[in-house]
Amino acid sequence: MRLGAATLMLAAGVEAKAVSDTLGHSDIRITRDIYRSVLAQVGKNAAEATAKLVPLPRKTEAEQAAREAAKTVKKSKKAKKKGKHEKPKN
């Protein structure tokens, strides 16, 4: 089996143990060491595919307006608090 075929097998999601057996490696660690970069990419692809399955929460317009209002209130409280500590000008 050529190097390219094993790489394709791993990229296709074939278990590393099955690839190791196919290549005749005595231990799966040999396969992992040789194809480390491919396995990292396979792991990244799996994580990205899983992330696509998780729905993202969408902010409603009301939630967004409430957040903006809270920011405005917080800013005005800061401004008032800052103004109380200033010394009066003569």
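Trainee: How many helices and strands are in the protein chain?

Mentor: There are five helices and zero strands. From the N terminus on, the order is α-α-α-α-α. Keep in mind that this is a predicted model.

Trainee: What share of the residues is buried?

Mentor: Buried residues make up 11% of the 90 residues in the chain. The accessible surface comes to about 8000 Å². Carbon and sulfur atoms hold 58% of that surface.

Trainee: And among contacts between residues at least 6 apart in sequence, what part joins residues at least 24 apart?

Mentor: That part is 30%.

Trainee: Next, threonine 31. Why is threonine 31 called buried?

Mentor: Its relative accessible area is 0%. The label buried needs a value under 20%. Threonine 31 therefore counts as buried. This residue lies in helix H3, residues 28–34.

Trainee: What makes the pair of threonine 31 and histidine 25 a polar contact?

Mentor: Their side chains are joined at 2.6 Å. The cut-off for a pair of N or O atoms is 3.5 Å.

Trainee: Which residues does threonine 31 touch, not counting residues up to four places away in sequence?

Mentor: Threonine 31 touches Ala16, Val19, Ser20 and His25.

Trainee: How do you know that serine 20 is buried?

Mentor: Serine 20 has 1% relative accessibility. That is under 20%, so the label is buried. Serine 20 has its place in helix H2. Leaving aside neighbours within four places in sequence, serine 20 is in contact with His25, Asp27, Ile28 and Thr31.

Trainee: Why is valine 14 called partly exposed?

Mentor: Valine 14 has 32% relative accessibility. Buried would need under 20%, and exposed would need over 50%. The value falls in between, so valine 14 is partly exposed. Valine 14 is found in the loop between helix H1 (3–11) and helix H2 (16–23). Beyond four places in sequence, valine 14 touches Met9 and Val19.

Trainee: How far apart are valine 14 and valine 42 in sequence and in space?

Mentor: They are 28 residues apart in sequence. C-alpha to C-alpha, they are 9.9 Å apart in space.

Trainee: Now the charged pairs. How many salt bridges does the structure hold?

Mentor: The structure holds four salt bridges.

Trainee: What makes aspartate 21 and lysine 17 a salt bridge?

Mentor: The N to O distance between their side chains is 3.2 Å. The limit is 4 Å, from a Lys or Arg side-chain nitrogen to an Asp or Glu carboxyl oxygen. The pair is within the limit, so the name applies. Both residues lie in helix H2, four residues apart, about one turn of the helix. Aspartate 21 is partly exposed at 46%, and lysine 17 is partly exposed at 47%.

Trainee: How do you know that arginine 29 and aspartate 27 meet in a salt bridge?

Mentor: Their N to O distance is 2.7 Å. That is within 4 Å, so the pair qualifies.

Trainee: Is arginine 29 buried or exposed?

Mentor: Exposed: its relative accessible area is 54%. The mark to pass is over 50%. Aspartate 27 is partly exposed, with 25%.

Trainee: Why do glutamate 68 and lysine 71 count as a salt bridge?

Mentor: Their N to O distance is 3.9 Å. The limit is 4 Å, so the pair passes. The two residues are three apart in helix H5 (residues 61–84), and are therefore separated by about one helical turn. Glutamate 68 is partly exposed at 38%. Lysine 71 is partly exposed at 48%.

Trainee: Last topic. Which residues form the largest nonpolar core?

Mentor: The core has eight residues: Ala6, Met9, Leu10, Ala16, Val19, Ile28, Tyr35 and Val38. H1 and H2 are the elements that give two or more residues to this core. H1 gives the most, with three residues.

Trainee: What does leucine 10 touch, beyond four places in sequence?

Mentor: Leucine 10 touches Ala16, Val19, Tyr35, Val38, Leu39 and Val42.

Technical notes:
Residues are numbered from 1 along each chain as its sequence is written. This is a predicted model: local features need pLDDT of at least 70, side-chain atom pairs count only at pLDDT 80 or more; totals for chains, interfaces and linings use all residues. Side-chain values use heavy atoms; hydrogens and water are left out. Buried means under 20% relative accessible area, exposed over 50%, partly exposed in between (1.4 Å probe, protein chains only). Contact means heavy atoms within 4.5 Å. Accessible areas come from the Shrake-Rupley method with a 1.4 Å probe; for residues, only the protein chains shown count as cover. A polar contact is a pair of N or O atoms within 3.5 Å; within protein, one must be able to donate a hydrogen and the other to accept it, and residues adjacent in sequence count only if both atoms are side-chain atoms. A nonpolar core is a set of buried Ala, Val, Leu, Ile, Met, Phe, Trp, Tyr and Cys residues joined through side-chain atoms within 4.5 Å.
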